[in-house]
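The tour goes stop by stop: select, look, move on.

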Amino acid sequence: MEEQNLYPIIDDHILTLSDHLRAWRASTHLSRQEVADQLRVRPDIIRAFEQGDYAFFSARVYALGYLKRLTDHFSISQAEILGNLLKAEWKETRGEKTGSL
C-alpha cells in the first residue's frame, strides 16, 4: 500500500502544522493572547504549536487534546489533517513512534 503524503506542498515548500496554524491565526486577525484567552489556555501553548516546539508538551496526548480544543472551538475544518500532521511531526521531532494513543 502506498504511503500518503501528509504534508501539502506549495511553491516547493512543505506546509507543516505550524504553517497551517500560523496562517489560520493570521486570517482571523487574532493575537496569540486572544486565541489563548478564548480557549482558556496559556499563550505558550499557542506559541509552541506555531513554532513546532513539541518538546514543550510533556506527551503527545496533551498536544492532541489542545489541538482538538483549538480546531473544535474555532471550527477549523481540517482537524483530521492537522491531527495527522501533528502525529507525523511529533515522530520526527521527538523520535517517538506514531502508533495509536
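**Stop 1: helix α2**

Select α2 and the helices around it. The buried residues of α2 pack against α1, α3 and α4. Helices here are DSSP runs of H or I with at least four residues, strands are runs of E with at least two, and both are numbered from the N terminus. Buried means under 20% relative accessible area, exposed means over 50%, and partly exposed lies in between, with a 1.4 Å probe and protein chains only. Pick out V35, A36 and L39: these are buried residues of α2. Now look down the axis of α2: its buried residues fall within an arc of 100 degrees, so they line one face of the helix. The arc is taken from the directions that run from the helix axis to the C-beta atoms. An α-helix has 3.6 residues a turn, so residues three or four places apart point the same way.

A note on the model before you go on. It is a predicted one, where local features need pLDDT of at least 70 and side-chain atom pairs count only at pLDDT 80 or more, while totals for chains, interfaces and linings use all residues. Residues are numbered from 1 along each chain as its sequence is written, and side-chain values use heavy atoms, with hydrogens and water left out.

**Stop 2: the whole chain**

Zoom out. The protein chain has 5 helices and 2 strands. From the N terminus, the order is β-β-α-α-α-α-α. Of its 101 residues, 36% count as buried. Contact means heavy atoms within 4.5 Å. Among contacts between residues at least 6 apart in sequence, 57% join residues at least 24 apart.

**Stop 3: the core**

Which residues have the most contacts inside the largest nonpolar core? Select L17, F49, L70 and L86; the core itself has 24 residues. α1, α2 (32-39), α3 (43-51), α4 (60-73) and α5 (79-94) each supply at least two residues of this core. A nonpolar core is a set of buried Ala, Val, Leu, Ile, Met, Phe, Trp, Tyr and Cys residues joined through side-chain atoms within 4.5 Å. In soluble globular proteins, nonpolar side chains tend to be buried together.

Centre on F49. Leaving aside neighbours within four places in sequence, F49 is in contact with L17, S18, L21, Y54, F57, A63, Y66, L67 and L86.

**Stop 4: helix α4**

Select α4 and check its length. At 1.5 Å a residue, its 14 residues should span 20 Å, and its end C-alpha atoms are 20 Å apart, which agrees. The expected span is 1.5 Å times one less than the number of residues. R60, A63, L64, L67, L70 and T71 are buried in α4. Seen down the axis of α4, the buried residues fall within an arc of 125 degrees, so they line one face of the helix.

Stay on L67, in α4. L67 is buried, at 2% relative accessible area. Beyond four places in sequence, the contacts of L67 are L17, L21, F49, L82, G83 and L86. Draw a distance from L67 to I46: their C-alpha atoms are 9.3 Å apart, and the two are 21 residues apart along the chain.

**Stop 5: charged residues under cover**

Select E50 in α3. Is E50 buried or exposed? E50 is buried, with a relative accessible area of 3%. Leaving aside neighbours within four places in sequence, E50 is in contact with S18, L21, R22, R25 and R32.

Next, select D19 in helix α1 (residues 17-28). D19 counts as buried at 16% relative accessibility. A polar atom of the D19 side chain lies 2.9 Å from the backbone nitrogen of T16.

**Stop 6: positive phi**

Most residues other than glycine have a negative phi, and most peptide bonds are trans. Select H29, in the loop between α1 and α2. H29 is not a glycine, yet its phi is positive, about 60 degrees. H29 is exposed, with a relative accessible area of 71%.

Move to R40, in the loop between α2 and α3. R40 also has a positive phi of about 60 degrees and is not a glycine. R40 counts as exposed at 75% relative accessibility. Finish at S75, which follows α4 and has a positive phi near 50 degrees.

Technical notes
Polar contact = N/O pair within 3.5 Å; in protein donor to acceptor, adjacent residues only side chain to side chain.
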